[in-house]
Amino acid sequence: MTASSDQKARPLRSRPGTKGLAGTAKVPGDKSISHRALIFGALSVGETRVSGLLEGEDVLRTAAAMRAMGAEVERLGDGNWTVWGVGVGGLSEPADVLDMGNAGTGARLVMGLVASHDFAATFTGDASLRRRPMGRVVEPLQRIGARFVGRSGGRLPLTVVGTAHPLPIEYELPVASAQVKTAVLLAGLNAPGITTVIEPEPTRDHTEHMLRHFGATVDVQPTKSGGRIIRLTGQPEFKPATIAVPGDPSSAAFPMVAALIVPGSEITLQNVGLNPLRTGVFTTLQEMGADFSFTNKRSEGGEPVADITIRHSALKGITVPPERAPSMIDEYPILFVAAACAEGDTIVRGARELRVKESDRLAVMARGLKACGVELEEFEDGILIRGQGRPPQGIVPGGASIETELDHRIAMSFLVLGLAAKDGVGIDDARVMETSFPGFADLMRRLGGDLQITE
Ligand code: S3P
């Protein structure tokens, strides 16, 4: 259910319980890999089977878009899906507007696909997605030959007029963005010759893994300045594949931080993806003094995974290296919560990209944390948070009710903070969490968290 389709807002409040969090849980499938599994399945000829798919609202929108362009996408039950694809270059014109809901990833990736097909498609989304900049994909996709008609700044609603004669381009990303990299590579799939993307800093490489998994030729070379050059040979024939989606490390970060800040906690999260380009938050939390251990390390569908056991810890403030931003970009909101409960100052810089996520996450987190009694200083590209220390001596006062601005990660961050804040914390609408973490409140309750609907 989306925030836009379900009529009534569902306010929710969390507060400290009498005991620590305890138990074992499994977080939902990885959002990035789930979007890609459906897209790549739709581009191969034959049946792709996916298990562990995230059945969140964002991914369901991508499933609907793939269906609208000719693929057969069906749920077999509980994370198990089947996709009958149409082959690279075989998508057909959708009969209606593609409503991507809240999903920036879905919107940008599917735009890349349409760009190198000989038809047009119009994209829209919810109020959050319609605020987000699309110029970053419009610019390279125009070079490939697509045309665009949209609002200022390339904002949605936006029509992509794909080209019948896509050009293979060489494109250097102006910002570290896996979405832009992927949009260019997806467009390049249907272009003859080699499409090259140069990224200034490495970003999540699920696309590169999956391209190879489905049979494409991809060459990745490091640059002297620490980036990567990715070369994709166009017009491959995709063989259908089997994909096991690991648990999302970005989702795991919420119960993890909850266990770190609620006294007496010890929890285990199973099957969490540990792709090294996604694990910056784990490194950062460990530097802050977090006590967690990885067990049952293994590989699932080409991605490293493990179970993680997390214990309540005395966290200290640190300076987060700016170059770590791409590997923990979605985890800053929950990191700010950990920082608020740590001893000493935490300083984050080089995180300007947070301003163009589902909300302006620097501004929304700063406002919400201040309302909860946390001292901080907001910068254009980061934040300084004065940690309150550990309960019972140091404790975040809380007591605020937070406007989540259609941002799932803002909602979950403040619900986690409420579990360790003196007077708890409320959010205006729990429905937004459906985009990436369906069942978040239930999972936290099973671990012993006190989360209650407040009408
Ligand atoms: C994603 C890339 C990141 C991330 C988003 C998912 C992806 O966005 O924030 O949640 O799946 O490629 P950017 O590419 O804008 O950094």
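Predicted model: local features only at pLDDT ≥ 70, side-chain atom pairs only at ≥ 80, totals over all residues.

Reader: What volume does the second largest cavity have, and which residues lie closest to its centre?

Author: Its volume is about 70 Å³. The lining consists of 13 residues, and I261, C341, G389, R390 and P391 are the closest to the centre. In total, the structure holds four cavities of 30 Å³ or more.

Reader: Let us turn to the division of the chain. Which domains does the assignment give?

Author: The assignment gives domain 1 (12-29 + 247-453) and domain 2 (31-244). Taken over C-alpha atoms, the centres of domain 1 and domain 2 are separated by 29 Å.

Reader: How should I read the interface between domain 1 and domain 2, and how much area do they bury?

Author: The size of an interface is often given as the accessible area lost when the parts come together. Here domain 1 and domain 2 bury about 2200 Å² between them, with 49% of that area on carbon and sulfur atoms. In terms of contacts, 25 residues of domain 1 meet 29 residues of domain 2.

Reader: How many salt bridges are counted between domain 1 and domain 2?

Author: Three salt bridges are counted between the two domains. For the structure, the count comes to 34 salt bridges. One of the pairs in the model is formed by the side chains of R204 and D330, at 3.5 Å from N to O. Another salt bridge joins the side chains of R75 and E55, at 2.8 Å from N to O.

Reader: I would next consider the pockets. What is the volume of the largest pocket, and which residues lie nearest its centre?

Author: The largest pocket has a volume of about 590 Å³. Its lining comprises 35 residues, and A176, S177, I329, E353 and K357 lie nearest the centre. Elements giving two or more residues to this lining are α1 (31-42), α3 (104-115) and α6 (178-189). By class, the lining of the largest pocket has ten nonpolar, nine polar and 16 charged residues. Domain 1 and domain 2 each supply at least three residues to this lining.

Reader: How does the lining of the second largest pocket divide by class, and which domains does it draw on?

Author: The lining of the second largest pocket divides into eight nonpolar, six polar and four charged residues. At least three residues come from each of domain 1 and domain 2. This pocket holds about 390 Å³ of space. There are 18 lining residues, and P28, G29, G52, L53 and D78 lie nearest the centre.

Reader: Finally, let us examine the backbone. Where is the cis peptide bond, and which residue other than glycine has a positive phi?

Author: The cis peptide bond joins L156 and P157, with omega at about -5°. P157 is found in the loop between β8 (147-150) and β9 (158-161). The positive phi, near 60°, belongs to N271, a residue of strand β15 (residues 266-273).

Technical notes:
Residues numbered from 1 in each chain as written. Heavy atoms only, no water. 1 Å grid on protein atoms, 1.4 Å probe; cavity = no way out; pocket = protein on both sides within 12 Å on 5 of 7 lines; lining within 4 Å. Points joined across faces, edges and corners; volume = space filled by probe spheres on them. Helix = DSSP H or I, 4+ residues; strand = E, 2+ residues; numbered from the N terminus. Nonpolar A, V, L, I, M, F, W, Y, C, P; charged D, E, K, R; others polar. Domains from an automatic or database assignment. Contact = heavy atoms within 4.5 Å. Buried area = accessible area lost by both parts, 1.4 Å probe. Salt bridge = Lys/Arg side-chain N within 4 Å of Asp/Glu carboxyl O.
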